[in-house]
Amino acid sequence: MPKPGRDLLRLADSVVLPGFVGTTPPDWLRHRLSEGLAGVVLFSRNIAGPAQVAELTAALHADNPAALVGVDEESGEVTRLEVAKGSSRPGNYSLGVVDDVALTEELARDLGRDLAAAGITIDFAPSADVNSNPGNPVIGLRAFGADPALVARHTRAFVRGLQATGVAACAKHFPGHGDTAVDSHHSVPVVAGDIEEHLLPFRAAVEEGVRAIMTGHLLVPRYDDLRPATLSPHVLTALLREELGFDGMIITDGIEMAAVSGAHGVGGASAMAIAAGADAICVGGERSDEVTAVEVRDAIAHAVLEGRLPEERLADAARRVTGLGAWSAATRAAQNGQGGANDDGHAVEGEIGLIAARRAVRVTRRTSAPILPLTVAPQVVEFAPEMNLAIDKGTPWGVGEPLSKLLPGTTVNRLTAEESRAAVLENLLRSAADRPLVIVARDAHRYPWQSEAISHLLSARADAVVVEMGLPERSDLGAVHIATYGSARVCGQAAAEVITGSL
């Protein structure tokens, strides 16, 4: 078998978006960009602040002006630009609870302005998944909700707002990751039965002109009972291209995720994805070195030489990637020529993210006793589950920190599953004997240890306030139950304001 020539390697490189380590581009990356690499994906490890990201993206675009610079900035739990302090905008579920499409569009436009200023060209958002399975371990709050029509109208609004700033939106995870109980980072979720309702938001995104769609590593037997969607021509070509009529860029979810790389390797899965109809390979969340980027490129090139990937299909993929880069560059240039990023004169007083978070809070009072507002510094107990890989472990969350600023003297204890033992809980009850108790949960319905610990505390303190920062399957816990529908920084702030009566 002959070795790939320079032109074929360059063509293969033009569909690869790798990750890298550090806050400045390494030499290997700059060289590859100048040789035609499609672009890069930024992760938390690449981000120290807005000014630094702007310098980083400027350096990347100096090597390749049309390079795509992508990031997972969904707002809410999945944030990269604000990973160090927590998102200033709530996530999708909060927006779905408010159900004001004008608010969703304005928030997405506000987000797009920040991304454009930082030099980001494509945001891997919004999640267009319909979270119909309450036990979903990876979507949950990232979805706008469980109702397909609601998710569809907010997907449209988010796409409109974001793309108005020249940042490409990317609806994900096609054909819908909402009705699963398995995390595709680890194994292959199976989506059985009719998925038409889950396709509704993607149809809406296509009609709205979304520039990109991200594949989900999901087995959908109705269309293909052998290959996950990312590797299936029945899903990507027959369904997405031909039936839904999508003509934009199709990009894979992280190709190193076990659901696709486990059986085929990173390179093998990449070549199969392009052959199936994908246009760009996202890699680098877990493997972010030059060796991986070379492995992906070479596997794609060898697939062409071996006849497993038609060169015409690879050229078509490269055309779509290049076209998206050109659209973003032209849109940015046009906006710069007009003196800014799409200021349409529509202003919202205050911070749009905090406004949205406040509007999403739902309070259930289960007693006539005057529990709220609190005027005495409380004991706060926060239960911290292990989160999925899409959520950075270092992202701050909770109610204790903002509550401490409103009620100085507040004490905060955060407990993991291992720490939530009866003896520890009894000690906390003793320390809170003469002051209010605030219990903070995060998806308590998915973690029996959280439910058991909350019951333990409430058996002694029926007057406690319970704040659920995940999906509130129950609202009958505590004297007052507060649902924030998100754990972003602004969601914690909104809950603290409710508790102290300042909202």
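Predicted model: local features only at pLDDT ≥ 70, side-chain atom pairs only at ≥ 80, totals over all residues.

**Cores and helices**

Visitor: Which residues have the most contacts inside the largest nonpolar core?

Guide: The general idea comes first: in soluble globular proteins, nonpolar side chains tend to be buried together. Here, the largest nonpolar core has 86 residues, and Leu 42, Phe 174, Ile 300 and Leu 314 have the most contacts inside it. Helix H9 gives the most to this core, with seven residues. Apart from it lies another core, of 28 residues, including Val 361 and Ile 499.

Visitor: How many Å does H9 span between its end C-alpha atoms?

Guide: Compare it with a straight helix. One of 19 residues would span 27 Å, but H9 (residues 258-276) spans only 18 Å. Now look at Gly 265: H9 bends there by about 105 degrees. After H9 comes Gly 277, with a positive phi near 130 degrees.

Visitor: Which residues of helix H2 are buried?

Guide: In H2 (residues 27-34), they are Trp 28, Leu 29, Arg 32 and Leu 33. Look down the axis of H2: these buried residues fall within an arc of 130 degrees, so they line one face of the helix.

Visitor: What do the buried residues of H2 pack against?

Guide: They pack against helix H1 (6-13), strand E2 (39-42), helix H3 (50-63) and helix H10 (290-305). Just after H2, you'll find Gly 36 with a positive phi of about 115 degrees.

Notes. Residues numbered from 1 in each chain as written. Heavy atoms only, no water. Helix = DSSP H or I, 4+ residues; strand = E, 2+ residues; numbered from the N terminus. Expected span 1.5 Å × (residues − 1). Bend = angle between axes of the 7 residues up to and from the residue. Buried < 20%, exposed > 50% of the residue type's maximum accessible area, 1.4 Å probe, protein only. Arc of directions from axis to C-beta. Contact = heavy atoms within 4.5 Å. Core = buried A, V, L, I, M, F, W, Y, C linked by side-chain atoms within 4.5 Å.
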